Amino acid sequence: LGLNIAASFSRDLRFVSQLLTALNVNVLNPDNDPRAATLGGPSRRELRGYEFGAIPAQAYVEYFSSDALRIQIGLGYVPFGHALQQRELVLFVRRGGPQLMRMQHLVEPLWAGFHLSGMVPFARSRVGYDLYTFPFISDTRMSGVGGRAWWESPRELATFGISAQTGKSPQGAASTLGIDGRLRLGSVTLLSE
C-alpha cells in the first residue's frame, strides 16, 4: 500500500512524499497436503505469523526556479534511463520489470540529498539534465553522484539519453553507465536501455 502526501506552499515551492507499507502473512502447507506433517510442518494449510514494514520511498521539498533549474532536497527515485522513472519499485521488480532493476547493485534506485534537473530549447528540440547524490543501499555510509543528459526531438517523437552513477561502495569504487532511447511510432512506443 502506498500513501502519497503532497503540499504546494506557493507556485514555486512544494513538498512531495510517498510512504510504502507492506503486510506479509506466512502460509504454511499452501497445498493442504497431509504428508507435510511427516516433514515437520502442519498437516493442513495454516497461516502463521506476519511481517509488517513501512519505508519512505520519496520525501522531498522542491523549488522550481525555471524550466532550466529545478532543485529537490530529500529522497526520491533516480532518473536513470526510463525504467527507473516508470515504476512502483517493489511491484515493478516482482512482476518481472526490466533487467536493469532486477540486478542488485547495478544501479542505486534512490537519490538522497539533492537532485538538480532542467531542460532548455535547442534547435526546435529540447535538451535536459539531472544531477543527484545517492547513498549505497548496502552501506548508507557510502555515497556517490549520478546524472543523466538527454535530447528530445520535436513533437516528442524520439528521446535519447545517457546516464551514469559513480561512487564508493563497500567493495570499492563502483560505476555504472547506461544509454536509453524512446521512439514513438503512432500508437506504438519502443523503449530501450
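1. Contact here means that heavy atoms lie within 4.5 Å. In that sense, and not counting residues up to four places away in sequence, T133 touches W111, A112, G113, F114, G144 and V145. This is a predicted model, and the points below should be read with that in mind.

2. As to the overall fold, the protein chain contains two helices and ten strands, which follow one another along the sequence as β-β-β-β-α-α-β-β-β-β-β-β. Of its 193 residues, 31% are buried, and the accessible surface comes to about 12500 Å², with 60% of that belonging to carbon and sulfur atoms. Among contacts with a separation of 6 or more, 44% are between residues 24 or more positions apart.

3. T133 itself belongs to strand 6, which covers residues 125-136. Is this residue buried or exposed? Its relative accessibility is 17%, and because buried means under 20%, T133 counts as buried. Its side chain also reaches the backbone oxygen of A112, at 2.6 Å.

4. Strand 6 runs antiparallel to strand 7 (residues 139-152), and eleven bridges join the two. They form a hairpin with two residues between them, and within this pairing Y132 has G146 in strand 7 as its bridge partner.

5. The largest nonpolar core has ten residues, namely V16, Y60, V78, F80, L84, V107, W111, Y132, F134 and F136. Strand 6 supplies the largest share of this core, three residues. In soluble globular proteins, nonpolar side chains tend to be buried together. Ring pairs link Y132, F134 and F136 into a cluster. Leaving aside neighbours within four places in sequence, F134 is in contact with several residues, including W111, A112, G144, V145 and G146.

6. In one of them, the rings of Y60 and W111 have their centres 5.9 Å apart and their planes at 45°, so the pair is tilted. Since Y60 lies in strand 3 (residues 46-66) and W111 in strand 5 (residues 110-122), this pair ties together parts that are 51 residues apart in sequence. Y60 counts as buried at 8% relative accessibility, and W111 is likewise buried, with a relative accessible area of 1%.

7. The rings of W151 and F160 have their centres 6.1 Å apart and their planes at 10°, so this pair is stacked. W151 is partly exposed, with a relative accessible area of 31%, and F160 also counts as partly exposed, at 46% relative accessibility.

Terms used. Residues are numbered from 1 along each chain as its sequence is written. This is a predicted model: local features need pLDDT of at least 70, side-chain atom pairs count only at pLDDT 80 or more; totals for chains, interfaces and linings use all residues. Side-chain values use heavy atoms; hydrogens and water are left out. Helices (H or I, at least four residues) and strands (E, at least two) are DSSP runs, numbered from the N terminus. Buried means under 20% relative accessible area, exposed over 50%, partly exposed in between (1.4 Å probe, protein chains only). Accessible areas come from the Shrake-Rupley method with a 1.4 Å probe; for residues, only the protein chains shown count as cover. A polar contact is a pair of N or O atoms within 3.5 Å; within protein, one must be able to donate a hydrogen and the other to accept it, and residues adjacent in sequence count only if both atoms are side-chain atoms. Two strands pair if DSSP finds at least two bridges between them. A nonpolar core is a set of buried Ala, Val, Leu, Ile, Met, Phe, Trp, Tyr and Cys residues joined through side-chain atoms within 4.5 Å. Rings of Phe, Tyr and Trp (its six-membered ring) pair if their centres lie within 6.5 Å; planes under 30 degrees apart count as stacked, over 60 as edge-to-face and the rest as tilted.
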